[in-house]
Amino acid sequence: MSNTVRVQPDLNFVKELQAVGGESLKKCYQCATCSVVCPLSPDDSPYPRKEMVWAQWGLKDRLLNDIDIWLCHNCGTCSDLCPRGAKPGDLLAALRNMAYRNLAKPSAIGKWMSSSKFIPLLMAIPAAIYLIIWFIRAAVLKDAFPLNADGNVVYGLLFPGDYTIDPVFSLAFLFMVCAFVSGTRALLKSFEGMPKTYILGRKEQPGLIRCLVETIKYEVARHTQFQDCGQEPQDVKRFQGHLLVFYAFVALLVVTGVVASGHWFGGWFLGGVLGLEDPFTKLLSWAGHTPMPLWSPVKLLANAGAAALIIGLVFLTKRRLNLDKAKQGSSWYDWYLLTVIWAVALTGVGSEFLRLVNAKYLAYPTYFLHLIAVFMLLAYLPWSKLGHLVYRTVALAYARKIGRIPMQPKG
Amino acid sequence: MSNNSILVVGGGFAGITAALEAAEIGHEVFIVEKNPYLGGRVAQLNKYFPKLCPPSCGLEIQFQRIKNNPKVKFFTLAEVLSVSGSPGDFTVKIKLSPRYVNERCTACGECEKAASTLVENEFEFGLVKRKAAYRTHLFAFPMRYTLDAAKCGADELRRIKDSCPYDAIDLDDAEKTIELNVGSIVLATGWKPYDVAKLGELGGGKLANVITNMQMERLASPSGPTNGKILRPSDNKAPRKIAFVQCAGSRDQNHLNYCSYICCMASLKQLSYIREQNPDALVVVYYIDLRTPGRYEAFKRRATDDKKLLLVKGKVAKIVEDAGTGDPTVTVENAVTGIRSEERFDLVVLATGMQPSIAGRDVPAGVSLDEDGFIISGMDKGFIAAGCAKLPLDVMKTAQSGTGAALKAIQTVVGR
């Protein structure tokens, strides 16, 4: 052969990969069934056959810089039809898990998020913050389970939003954004070595922003890739479940946005600082005032979001529980994310219900748990499987830019 | 009282060989064969390894040895019902299905002309139908017709009976059960082609121009449905672009989890059938590993020295049919270039593997199977496996295995 390559296998990397969910990769004998049956893989250097041989050879650089791991949406068709049970789908999932672990700084959190043994530590951080607040407020109010003048449970009594919720979560949000900036930078840097596809009729490479817009239009908003990923009934359920969960989060994000802008911009800035009393200011600050009446459109949207979240979670959890373990495994990353979202949903709905029935001894602890769950979802997001929200979106946009996937999906 | 007779289950190449080797030493041997003929899968081949002989070449001498040796008795259309006893003293119950044709038959074929009912032709792997009165192939042994009486009406049966100039049709023939006493049992039950209906991604046996390697043997055989002309089933045109799909359902834990040993070489053998008829046809062999067991490396070298042959590393995982032309299109990733493509062919041959014939059937108590369903010999229990019932083999190794089984069978009954 004229273009021989000296393979420098990184054996530790192979072991590391096997540990994070690619344990059966050594069974692969390179028949290429996987890359043929994959419904999403491009014709030129299709995945996941090449990733399997790179993994066996310990070609760490190629795998860590491989954009294709983000093109895969993990339907598991490759693993179902794999003649050796080598689970190529699990390998790609394991590589994504490695990316969650290593991309964003500080990398200590990546390590903590990679194994169940660190979960007490991860829980302890938000738990300590809100337990201290609970103690202080209980001391101030001389009641650990306070009621307002009308005798109702009001979470703001124990955890005043302006001083204990908004600052903590704003900081957590900022922390998450900074982590994503570092992670996305690392991701884009890793793609620099990707080959560019020459496309006939395409004059110059489109800009990343334009690609990002197209990605959000198709893959994010309409789940186009996800919809094509696997044709079995359980794949359809997975697509529906993911879409429901996604739009539930969008709805809850809108609710949070309305509350934040209503409270801070409408109530505090327009009403308080500027002292305006026009109907718009009043409406805005009303919309941002919590707790809201049940008929408020914002509350209705929040409740609809919660319902969609739970239905979507049921679809996704059921499918994951029914996976044939001989074909497709579930990693700690999969279970962490599902569990945390379940915890957010159940404690959220539970807090609302227990507040309405005024069961103070149950309501406050449930709300406390809700705060912990939301913190864990938000603050550690770049190191969790939910990191795909940003990384996959960026990778798909970049794949458009270099011509790895078409600008507009077929059909 | 010890019995030194030997029962051989299966009258294919392994069974015949084991029976003859034992009989020629002086043991009484019974062959039980479920088909109406002896010769097994070899009889269905066009040519066989290692020297690419036609089946008549090896089988005729075996049939002569059987005819000339009074120690060999064989039963066709026969199946073992039960086995009891122990090594040295087995009692075997055998069911004999009626043939409805007696030994006066000269194979003149008048009954076949008189018959009208058409039934599935297992010998030709469904490529054509056959009459209810039939001879599986020209070279059948015993050379005698068979009648599927259950498939015909009373009128047709009467016409068939009346057509026979030798009074060889015996409509009163009936199922019988006989008992044999033997000392040891050779299991040479052979193999069957893996069921393509299970290979959904490869068309599941529903695409007309996607055939199996055994169907290819019949198409190429001078005694086959096309008199040896390789024509594709949908329109009887000579194919000019042919693909071989290796490991179709083999080395696959979802199907047969093992390598069937000879399929790679069989496809190269079938390349020679194509070359004899069409030197310009383009042939592509898609493989995972092109395996040359034993001494076949030289054969491979000769066969692959062919300008119109492409060997592509990559397993075909999808075949669809063009509705208009019936051309099959295969999808495959060339694992060397890393390019996935769809290629259109006139004919696709699935190199399916060997599944033990006993798969899905009851085996006598005391017979154990390995994880893939092949028989494990148990000399202490009086059972000896031979040929492809034991593991996938070519004909040469099958003969060796039959001889070895004969020796073990003799050792089991002698000196008790």
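User: Where does A:Phe265 lie in this predicted model?

Analyst: You'll find A:Phe265 in helix 14 of chain A.

User: And why is A:Phe265 called partly exposed?

Analyst: Its relative accessible area is 41%. Buried would need under 20% and exposed over 50%, so A:Phe265 with its 41% falls in between and gets the label partly exposed.

User: OK, over to the interface. What makes A:Arg49 and B:Glu333 a salt bridge?

Analyst: The N to O distance between their side chains is 2.6 Å. The cut-off is 4 Å, from a side-chain nitrogen of Lys or Arg to a carboxyl oxygen of Asp or Glu, so this Arg-Glu pair at 2.6 Å qualifies. The rule finds two salt bridges across the interface of chain A and chain B, along with 18 residue pairs in polar contact.

User: Which helix of chain A gives the most to the side that touches chain B?

Analyst: Helix 2 of chain A does, with four residues.

User: How much area is buried between chain A and chain B?

Analyst: About 1,700 Å², with carbon and sulfur atoms giving 43% of it. In contact there are 23 residues of chain A and 21 residues of chain B.

Methods: Residues numbered from 1 in each chain as written. Chains lettered and ligands numbered in written order. Predicted model: local features only at pLDDT ≥ 70, side-chain atom pairs only at ≥ 80, totals over all residues. Heavy atoms only, no water. Helix = DSSP H or I, 4+ residues; strand = E, 2+ residues; numbered from the N terminus. Buried < 20%, exposed > 50% of the residue type's maximum accessible area, 1.4 Å probe, protein only. Contact = heavy atoms within 4.5 Å. Buried area = accessible area lost by both parts, 1.4 Å probe. Polar contact = N/O pair within 3.5 Å; in protein donor to acceptor, adjacent residues only side chain to side chain.
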